[in-house]
Amino acid sequence: MYTVRKVTDDLYWVGGNDHRLHLFENIHPIPRGVSYNSYLLMDEKTVLFDTVDWAVCREFLESVALVLDGRDLDYVVINHLEPDHAASLNEVILRYPNVKIISNERAFLMMHQYGFDVDGRQIQVEEGDAMSFGKHEITWVFAPMVHWPEAMVSFDTTNGVLFSADAFGTFGALDGKLFADEVNFDRDWLDDARRYLTNIVGKYGPFIQDLLAKAGTIDIKIIAPLHGPVWRKDLGYFIEKYDKWSRYEPEEEGVLLVYASMYGNTEHAAQSLATKLCERGMTNVHVYDVSSTHVSTLISETFRLSHLVLASVTYNLEIYPVMYNYLHEMKLLNLQNRTVGIIENGTWAPQAAEKMEEFLDGMKIMDVLSGSVSVASSMTDTTDKELDALADAIIESMEKEREIKAKAAREAELKNN
Ligand code: FEO
(Lines give C-alpha, C1' and ligand atoms only; values in the text may rest on other atoms or scores of the structure.)
Protein backbone atom coordinates (compact mmCIF):
# COMPACT_ATOMS: atom_id res chain seq x y z
CA MET A 1 0.00 0.00 0.00
CA TYR A 2 3.01 2.32 -0.15
CA THR A 3 2.03 5.34 2.02
CA VAL A 4 -1.77 4.99 1.73
CA ARG A 5 -3.84 4.84 4.90
CA LYS A 6 -7.51 4.06 5.43
CA VAL A 7 -9.57 6.81 7.07
CA THR A 8 -12.80 4.77 6.99
CA ASP A 9 -13.73 1.52 5.22
CA ASP A 10 -14.00 3.26 1.86
CA LEU A 11 -12.05 6.49 2.33
CA TYR A 12 -8.27 6.58 1.86
CA TRP A 13 -5.58 9.14 2.63
CA VAL A 14 -3.47 9.46 -0.52
CA GLY A 15 -1.46 12.57 0.41
CA GLY A 16 2.25 13.10 0.90
CA ASN A 17 4.79 14.37 3.42
CA ASP A 18 7.39 17.00 2.63
CA HIS A 19 10.60 17.23 4.67
CA ARG A 20 12.53 19.02 1.94
CA LEU A 21 10.66 22.31 2.04
CA HIS A 22 12.29 24.61 4.58
CA LEU A 23 9.94 27.55 4.34
CA PHE A 24 6.18 27.13 3.97
CA GLU A 25 4.88 29.77 1.53
CA ASN A 26 8.61 30.60 1.29
CA ILE A 27 8.41 32.45 4.60
CA HIS A 28 7.52 30.22 7.60
CA PRO A 29 10.14 27.69 8.79
CA ILE A 30 8.83 24.12 9.02
CA PRO A 31 11.58 22.08 10.74
CA ARG A 32 9.09 19.22 11.28
CA GLY A 33 8.01 19.28 7.62
CA VAL A 34 4.43 19.44 6.39
CA SER A 35 1.85 17.07 4.94
CA TYR A 36 -0.36 17.72 1.95
CA ASN A 37 -3.48 15.65 2.51
CA SER A 38 -5.68 14.29 -0.24
CA TYR A 39 -8.49 11.77 0.25
CA LEU A 40 -9.98 9.24 -2.16
CA LEU A 41 -13.55 7.95 -1.68
CA MET A 42 -14.25 4.56 -3.25
CA ASP A 43 -18.03 4.55 -3.64
CA GLU A 44 -20.10 3.58 -6.70
CA LYS A 45 -18.32 6.60 -8.11
CA THR A 46 -14.73 7.42 -7.20
CA VAL A 47 -14.14 10.86 -5.74
CA LEU A 48 -10.83 12.55 -4.94
CA PHE A 49 -10.91 15.41 -2.42
CA ASP A 50 -8.21 17.91 -3.41
CA THR A 51 -4.78 17.05 -4.80
CA VAL A 52 -1.29 17.82 -3.43
CA ASP A 53 1.70 20.11 -3.81
CA TRP A 54 3.89 19.45 -6.81
CA ALA A 55 6.68 18.28 -4.48
CA VAL A 56 4.87 15.03 -3.65
CA CYS A 57 2.93 14.61 -6.90
CA ARG A 58 4.61 11.39 -8.05
CA GLU A 59 3.99 9.53 -4.79
CA PHE A 60 0.42 10.88 -4.73
CA LEU A 61 -0.36 9.66 -8.26
CA GLU A 62 1.01 6.21 -7.38
CA SER A 63 -1.20 6.10 -4.29
CA VAL A 64 -4.29 7.15 -6.24
CA ALA A 65 -3.62 4.45 -8.87
CA LEU A 66 -3.06 1.83 -6.15
CA VAL A 67 -6.36 2.57 -4.43
CA LEU A 68 -8.31 2.84 -7.68
CA ASP A 69 -6.92 -0.59 -8.62
CA GLY A 70 -7.90 -0.26 -12.26
CA ARG A 71 -11.07 1.80 -11.78
CA ASP A 72 -11.38 5.19 -13.41
CA LEU A 73 -11.41 8.40 -11.37
CA ASP A 74 -14.85 9.96 -11.74
CA TYR A 75 -14.60 13.22 -9.78
CA VAL A 76 -12.13 15.58 -8.14
CA VAL A 77 -13.51 18.00 -5.56
CA ILE A 78 -11.38 21.13 -5.23
CA ASN A 79 -12.07 22.65 -1.83
CA HIS A 80 -9.12 25.04 -1.96
CA LEU A 81 -7.12 26.13 -4.98
CA GLU A 82 -3.84 27.23 -3.39
CA PRO A 83 -1.02 25.39 -5.17
CA ASP A 84 0.02 23.41 -2.08
CA HIS A 85 -3.24 21.48 -2.72
CA ALA A 86 -4.18 22.05 -6.35
CA ALA A 87 -0.83 22.07 -8.16
CA SER A 88 -1.22 18.42 -9.21
CA LEU A 89 -4.67 18.89 -10.75
CA ASN A 90 -3.47 18.94 -14.36
CA GLU A 91 -1.50 15.72 -13.77
CA VAL A 92 -4.69 14.08 -12.48
CA ILE A 93 -6.60 15.28 -15.54
CA LEU A 94 -3.90 13.91 -17.87
CA ARG A 95 -4.09 10.44 -16.27
CA TYR A 96 -7.88 10.36 -15.88
CA PRO A 97 -9.21 12.29 -18.91
CA ASN A 98 -12.87 11.46 -18.12
CA VAL A 99 -12.66 13.08 -14.69
CA LYS A 100 -15.11 15.84 -13.74
CA ILE A 101 -14.05 18.69 -11.46
CA ILE A 102 -16.44 19.79 -8.70
CA SER A 103 -15.86 23.24 -7.25
CA ASN A 104 -17.31 26.74 -7.03
CA GLU A 105 -17.41 29.68 -9.43
CA ARG A 106 -14.55 31.57 -7.82
CA ALA A 107 -12.33 28.49 -7.77
CA PHE A 108 -12.99 27.82 -11.46
CA LEU A 109 -11.99 31.38 -12.24
CA MET A 110 -8.71 30.80 -10.40
CA MET A 111 -8.21 27.43 -12.15
CA HIS A 112 -8.22 29.33 -15.44
CA GLN A 113 -5.75 31.86 -14.00
CA TYR A 114 -3.42 28.98 -13.09
CA GLY A 115 -3.85 27.42 -16.55
CA PHE A 116 -5.63 24.21 -15.50
CA ASP A 117 -7.37 22.27 -18.28
CA VAL A 118 -10.84 22.24 -16.70
CA ASP A 119 -13.08 23.35 -19.60
CA GLY A 120 -15.81 20.83 -20.38
CA ARG A 121 -15.37 19.03 -17.08
CA GLN A 122 -16.64 21.63 -14.59
CA ILE A 123 -19.45 20.95 -12.14
CA GLN A 124 -20.13 24.19 -10.33
CA VAL A 125 -21.69 23.94 -6.88
CA GLU A 126 -23.32 26.52 -4.66
CA GLU A 127 -23.43 26.63 -0.88
CA GLY A 128 -25.78 23.89 0.37
CA ASP A 129 -25.78 21.87 -2.87
CA ALA A 130 -25.48 18.11 -2.46
CA MET A 131 -24.48 15.21 -4.71
CA SER A 132 -24.77 11.46 -4.23
CA PHE A 133 -21.93 9.19 -5.31
CA GLY A 134 -23.56 5.90 -4.30
CA LYS A 135 -23.76 5.30 -0.56
CA HIS A 136 -22.27 8.69 0.23
CA GLU A 137 -23.89 12.07 -0.18
CA ILE A 138 -21.67 15.13 -0.04
CA THR A 139 -22.84 18.65 0.66
CA TRP A 140 -20.81 21.85 0.35
CA VAL A 141 -20.34 24.68 2.80
CA PHE A 142 -18.50 27.77 1.63
CA ALA A 143 -15.65 29.00 3.83
CA PRO A 144 -14.44 32.23 2.20
CA MET A 145 -11.10 33.54 3.53
CA VAL A 146 -10.30 30.30 5.34
CA HIS A 147 -7.83 30.81 3.79
CA TRP A 148 -8.53 32.16 0.28
CA PRO A 149 -11.84 33.56 -1.00
CA GLU A 150 -12.74 30.43 -2.99
CA ALA A 151 -12.28 28.05 -0.03
CA MET A 152 -15.10 25.66 0.77
CA VAL A 153 -15.47 22.50 2.83
CA SER A 154 -17.16 19.24 1.87
CA PHE A 155 -19.31 17.32 4.33
CA ASP A 156 -20.21 13.67 3.95
CA THR A 157 -23.71 13.48 5.44
CA THR A 158 -23.58 9.66 5.35
CA ASN A 159 -20.73 9.16 7.80
CA GLY A 160 -19.99 12.64 9.19
CA VAL A 161 -16.58 13.20 7.56
CA LEU A 162 -15.77 16.89 7.16
CA PHE A 163 -13.17 17.65 4.50
CA SER A 164 -12.19 20.90 6.14
CA ALA A 165 -9.64 22.35 3.68
CA ASP A 166 -7.04 24.52 5.50
CA ALA A 167 -9.20 24.72 8.64
CA PHE A 168 -7.96 22.43 11.43
CA GLY A 169 -4.64 22.03 9.63
CA THR A 170 -1.17 22.20 11.14
CA PHE A 171 2.48 22.26 10.16
CA GLY A 172 4.34 18.98 10.66
CA ALA A 173 4.77 15.87 8.51
CA LEU A 174 2.61 12.87 9.44
CA ASP A 175 5.33 10.26 8.91
CA GLY A 176 2.84 7.40 8.97
CA LYS A 177 0.75 8.60 11.91
CA LEU A 178 -2.45 9.75 10.25
CA PHE A 179 -4.73 10.26 13.24
CA ALA A 180 -4.39 12.85 15.99
CA ASP A 181 -5.02 10.07 18.54
CA GLU A 182 -1.90 8.28 17.30
CA VAL A 183 0.36 11.14 18.47
CA ASN A 184 0.75 13.19 21.63
CA PHE A 185 -0.87 16.20 20.00
CA ASP A 186 -0.80 18.50 22.98
CA ARG A 187 2.90 17.86 23.60
CA ASP A 188 4.25 17.48 20.06
CA TRP A 189 1.84 19.23 17.69
CA LEU A 190 -0.07 22.02 19.38
CA ASP A 191 2.65 24.67 19.01
CA ASP A 192 2.91 23.96 15.28
CA ALA A 193 -0.88 23.93 14.93
CA ARG A 194 -1.09 27.34 16.57
CA ARG A 195 1.82 28.67 14.52
CA TYR A 196 0.12 27.43 11.34
CA LEU A 197 -3.31 28.86 12.11
CA THR A 198 -2.20 32.20 13.54
CA ASN A 199 0.31 33.00 10.81
CA ILE A 200 -1.58 31.62 7.82
CA VAL A 201 -5.22 32.40 8.61
CA GLY A 202 -4.93 34.52 11.79
CA LYS A 203 -5.97 37.67 9.98
CA TYR A 204 -9.35 36.16 9.13
CA GLY A 205 -10.61 35.27 12.62
CA PRO A 206 -14.20 36.42 11.94
CA PHE A 207 -14.35 34.16 8.85
CA ILE A 208 -13.16 31.20 10.94
CA GLN A 209 -15.88 32.07 13.43
CA ASP A 210 -18.43 31.99 10.57
CA LEU A 211 -17.22 28.53 9.55
CA LEU A 212 -17.32 27.29 13.17
CA ALA A 213 -20.90 28.54 13.45
CA LYS A 214 -21.87 26.62 10.30
CA ALA A 215 -19.95 23.54 11.51
CA GLY A 216 -21.91 23.69 14.77
CA THR A 217 -25.08 22.85 12.84
CA ILE A 218 -23.80 19.55 11.39
CA ASP A 219 -22.93 16.27 13.08
CA ILE A 220 -19.21 15.99 12.47
CA LYS A 221 -17.61 12.63 13.33
CA ILE A 222 -14.25 13.02 11.58
CA ILE A 223 -12.29 16.11 10.57
CA ALA A 224 -10.05 15.55 7.56
CA PRO A 225 -7.94 18.69 6.97
CA LEU A 226 -5.52 19.42 4.16
CA HIS A 227 -2.47 19.53 6.48
CA GLY A 228 -1.65 17.45 9.55
CA PRO A 229 -3.52 14.74 11.44
CA VAL A 230 -7.09 13.58 10.90
CA TRP A 231 -9.37 13.94 13.95
CA ARG A 232 -11.68 11.04 14.83
CA LYS A 233 -11.63 11.42 18.65
CA ASP A 234 -11.85 14.36 21.02
CA LEU A 235 -12.81 16.78 18.24
CA GLY A 236 -13.93 19.32 20.84
CA TYR A 237 -10.34 19.80 22.05
CA PHE A 238 -9.18 21.15 18.69
CA ILE A 239 -12.41 23.00 17.86
CA GLU A 240 -12.07 24.88 21.16
CA LYS A 241 -8.50 25.89 20.29
CA TYR A 242 -9.65 27.18 16.89
CA ASP A 243 -12.47 29.06 18.57
CA LYS A 244 -10.05 30.81 20.95
CA TRP A 245 -7.44 31.63 18.33
CA SER A 246 -10.01 33.03 15.92
CA ARG A 247 -11.55 35.18 18.66
CA TYR A 248 -8.03 36.44 19.55
CA GLU A 249 -8.53 35.18 23.08
CA PRO A 250 -5.38 34.08 24.90
CA GLU A 251 -5.10 30.39 25.72
CA GLU A 252 -3.18 30.95 28.94
CA GLU A 253 -2.52 33.53 31.60
CA GLY A 254 1.16 34.27 31.18
CA VAL A 255 3.75 36.77 30.01
CA LEU A 256 5.52 36.88 26.68
CA LEU A 257 8.62 39.05 26.95
CA VAL A 258 10.14 40.00 23.60
CA TYR A 259 13.31 42.05 23.62
CA ALA A 260 15.46 43.83 21.01
CA SER A 261 18.93 44.35 22.40
CA MET A 262 22.18 45.42 20.74
CA TYR A 263 24.75 45.07 23.51
CA GLY A 264 22.88 43.14 26.18
CA ASN A 265 21.56 45.99 28.32
CA THR A 266 17.95 45.79 27.12
CA GLU A 267 18.20 42.02 27.43
CA HIS A 268 19.37 42.56 31.03
CA ALA A 269 16.25 44.64 31.74
CA ALA A 270 14.01 41.96 30.16
CA GLN A 271 15.66 39.21 32.22
CA SER A 272 15.35 41.32 35.34
CA LEU A 273 11.60 41.75 34.75
CA ALA A 274 11.21 38.00 34.10
CA THR A 275 12.93 37.32 37.44
CA LYS A 276 10.72 39.79 39.27
CA LEU A 277 7.57 38.19 37.80
CA CYS A 278 8.71 34.74 38.89
CA GLU A 279 9.49 36.07 42.37
CA ARG A 280 5.89 37.28 42.50
CA GLY A 281 4.62 33.80 41.62
CA MET A 282 3.99 34.25 37.89
CA THR A 283 6.26 31.62 36.37
CA ASN A 284 4.46 31.23 33.04
CA VAL A 285 6.96 33.69 31.58
CA HIS A 286 8.58 33.23 28.17
CA VAL A 287 11.49 35.39 27.02
CA TYR A 288 12.53 35.72 23.36
CA ASP A 289 15.21 37.67 21.53
CA VAL A 290 13.37 39.23 18.59
CA SER A 291 16.57 39.14 16.50
CA SER A 292 17.05 35.38 16.77
CA THR A 293 13.47 34.12 16.93
CA HIS A 294 11.45 33.71 13.75
CA VAL A 295 8.52 36.09 13.71
CA SER A 296 6.08 33.21 13.10
CA THR A 297 7.04 31.76 16.50
CA LEU A 298 6.63 35.17 18.16
CA ILE A 299 3.18 35.56 16.57
CA SER A 300 2.12 32.14 17.77
CA GLU A 301 3.33 32.87 21.30
CA THR A 302 1.54 36.24 21.24
CA PHE A 303 -1.73 34.47 20.41
CA ARG A 304 -1.07 31.97 23.24
CA LEU A 305 -0.39 34.29 26.17
CA SER A 306 -2.42 36.97 27.91
CA HIS A 307 0.33 39.55 28.58
CA LEU A 308 3.02 40.96 26.39
CA VAL A 309 6.11 42.98 27.30
CA LEU A 310 8.00 44.73 24.51
CA ALA A 311 11.55 45.81 25.31
CA SER A 312 13.30 47.69 22.51
CA VAL A 313 16.36 49.79 21.96
CA THR A 314 15.94 53.01 19.99
CA TYR A 315 17.42 52.73 16.49
CA ASN A 316 17.57 55.65 14.05
CA LEU A 317 15.16 57.41 16.44
CA GLU A 318 12.68 54.57 15.86
CA ILE A 319 11.72 51.12 17.11
CA TYR A 320 14.45 48.56 16.41
CA PRO A 321 13.71 47.29 12.85
CA VAL A 322 13.23 43.62 13.76
CA MET A 323 10.90 44.59 16.61
CA TYR A 324 9.03 46.85 14.20
CA ASN A 325 8.60 43.95 11.79
CA TYR A 326 7.15 41.82 14.60
CA LEU A 327 4.69 44.59 15.54
CA HIS A 328 3.79 45.07 11.90
CA GLU A 329 3.03 41.33 11.50
CA MET A 330 0.97 41.41 14.68
CA LYS A 331 -1.12 44.27 13.31
CA LEU A 332 -1.53 42.64 9.88
CA LEU A 333 -2.78 39.48 11.57
CA ASN A 334 -5.35 41.49 13.48
CA LEU A 335 -4.04 40.44 16.89
CA GLN A 336 -5.97 42.18 19.66
CA ASN A 337 -7.10 42.05 23.24
CA ARG A 338 -3.77 41.89 25.07
CA THR A 339 -2.28 43.75 28.03
CA VAL A 340 1.10 45.23 27.17
CA GLY A 341 4.07 46.51 29.17
CA ILE A 342 6.82 48.57 27.56
CA ILE A 343 10.55 48.95 28.16
CA GLU A 344 12.78 51.15 26.04
CA ASN A 345 16.49 51.85 25.91
CA GLY A 346 18.37 54.79 24.42
CA THR A 347 21.76 56.29 25.14
CA TRP A 348 21.02 59.85 24.00
CA ALA A 349 17.47 60.14 22.60
CA PRO A 350 15.21 57.25 23.70
CA GLN A 351 12.17 57.08 21.41
CA ALA A 352 11.19 53.41 21.27
CA ALA A 353 8.56 53.54 24.06
CA GLU A 354 6.65 56.43 22.51
CA LYS A 355 6.84 54.86 19.04
CA MET A 356 5.69 51.45 20.29
CA GLU A 357 2.78 53.06 22.15
CA GLU A 358 1.79 54.92 18.99
CA PHE A 359 1.91 51.66 17.07
CA LEU A 360 -0.22 49.83 19.64
CA ASP A 361 -2.72 52.71 19.59
CA GLY A 362 -3.46 51.77 16.00
CA MET A 363 -4.41 48.21 16.99
CA LYS A 364 -7.61 46.88 18.54
CA ILE A 365 -8.02 46.51 22.34
CA MET A 366 -4.34 46.70 23.25
CA ASP A 367 -4.26 47.82 26.87
CA VAL A 368 -0.88 49.46 27.46
CA LEU A 369 0.10 49.54 31.14
CA SER A 370 1.09 52.96 32.38
CA GLY A 371 4.62 53.44 33.65
CA SER A 372 6.77 52.29 30.77
CA VAL A 373 10.38 51.81 31.79
CA SER A 374 13.10 53.89 30.16
CA VAL A 375 16.65 52.56 30.42
CA ALA A 376 19.42 55.08 29.72
CA SER A 377 22.12 52.77 28.33
CA SER A 378 22.23 50.33 31.25
CA MET A 379 20.32 49.25 34.33
CA THR A 380 20.48 51.42 37.48
CA ASP A 381 18.78 51.27 40.88
CA THR A 382 16.13 53.61 39.47
CA THR A 383 15.28 51.38 36.50
CA ASP A 384 15.33 48.39 38.83
CA LYS A 385 12.60 50.06 40.92
CA GLU A 386 10.64 50.95 37.74
CA LEU A 387 10.79 47.29 36.70
CA ASP A 388 9.46 46.34 40.16
CA ALA A 389 6.53 48.66 39.52
CA LEU A 390 5.95 47.17 36.05
CA ALA A 391 6.01 43.64 37.50
CA ASP A 392 3.46 44.73 40.14
CA ALA A 393 1.25 46.29 37.44
CA ILE A 394 1.29 43.07 35.38
CA ILE A 395 0.37 40.92 38.40
CA GLU A 396 -2.37 43.38 39.35
CA SER A 397 -3.87 43.36 35.86
CA MET A 398 -3.92 39.54 35.92
CA GLU A 399 -5.77 39.60 39.23
CA LYS A 400 -8.28 42.07 37.79
CA GLU A 401 -8.82 39.93 34.67
CA ARG A 402 -9.35 36.85 36.88
CA GLU A 403 -11.96 38.77 38.89
CA ILE A 404 -13.76 39.90 35.73
CA LYS A 405 -13.80 36.33 34.37
CA ALA A 406 -15.04 34.89 37.67
CA LYS A 407 -17.82 37.52 37.81
CA ALA A 408 -18.85 36.73 34.21
CA ALA A 409 -18.88 32.99 35.00
CA ARG A 410 -21.05 33.60 38.10
CA GLU A 411 -23.48 35.72 36.08
CA ALA A 412 -23.66 33.10 33.32
CA GLU A 413 -24.35 30.39 35.91
CA LEU A 414 -27.13 32.47 37.49
CA LYS A 415 -28.64 33.07 34.06
CA ASN A 416 -28.64 29.35 33.28
CA ASN A 417 -30.30 28.39 36.60
FE1 FEO B 1 -2.64 24.85 2.62
FE2 FEO B 1 -4.18 27.84 1.90
O3 FEO B 1 -3.27 26.26 1.55
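Guide: What follows is a short tour, from the whole protein down to single residues.

Guide: This is a predicted model, where local features need pLDDT of at least 70, side-chain atom pairs count only at pLDDT 80 or more, and totals for chains, interfaces and linings use all residues. Residues are numbered from 1 along each chain as its sequence is written, and side-chain values use heavy atoms, with hydrogens and water left out.

Visitor: How many helices and strands does the protein have?
Guide: It has 12 helices and 23 strands. Both are DSSP runs, numbered from the N terminus: helices are H or I with at least four residues, strands are E with at least two.

Visitor: And what box do the C-alpha atoms fill?
Guide: Roughly 80 × 55 × 35 Å, taken along the principal axes.

Visitor: What share of the residues is buried?
Guide: Buried residues make up 54% of the 417 residues. Buried means under 20% relative accessible area, exposed means over 50%, and partly exposed is in between (1.4 Å probe, protein chains only).

Visitor: Let's zoom in. At what angle do α10 and α11 pack?
Guide: About 10 degrees, with their axes 11 Å apart. Helix α10 covers residues 321-332 and helix α11 covers residues 352-361. The axes are lines fitted to C-alpha atoms over the stretch in contact, and angles run from 0 to 180 degrees between N-to-C directions.
Guide: The two helices are therefore roughly parallel to each other. Angles under 35 degrees count as roughly parallel, over 145 as roughly antiparallel, 65 to 115 as roughly perpendicular and the rest as oblique.

Visitor: Which residues make the contact?
Guide: From α10, Met323, Tyr324, Leu327, His328 and Lys331. From α11, Met356, Phe359 and Leu360. Contact means heavy atoms within 4.5 Å.

Visitor: Is methionine 356 buried or exposed?
Guide: Methionine 356 is buried, with a relative accessible area of 0%. What does methionine 356 touch? Leaving out residues up to four places away in sequence, the list is Leu310, Ser312, Ile319, Met323, Leu327, Ile342 and Ile343.

Visitor: New topic. How many salt bridges are there?
Guide: The count comes to 24 salt bridges. A salt bridge is a side-chain nitrogen of Lys or Arg within 4 Å of a carboxyl oxygen of Asp or Glu. Side chains of opposite charge can pair when their charged atoms come close.

Visitor: Where do aspartate 192 and arginine 195 sit?
Guide: Both are in helix α5 (residues 185-201). Being three residues apart there, they are separated by about one helical turn. Aspartate 192 is buried, and so is arginine 195.

Visitor: What does aspartate 392 pair with?
Guide: Aspartate 392 forms a salt bridge with arginine 280, the closest N and O atoms being 2.7 Å apart. This pair links distant parts of the chain, 112 residues apart. Aspartate 392 is in helix α12 (residues 381-416), while arginine 280 is in the loop between α8 (265-279) and β18 (285-289).

Visitor: Are those two buried or partly exposed?
Guide: Aspartate 392 is partly exposed, with a relative accessible area of 40%. Arginine 280 also counts as partly exposed, at 29%.

Visitor: Which residues are in the salt-bridge network?
Guide: Lys276, Arg280, Asp384, Asp388 and Asp392 are linked in a network of salt bridges.
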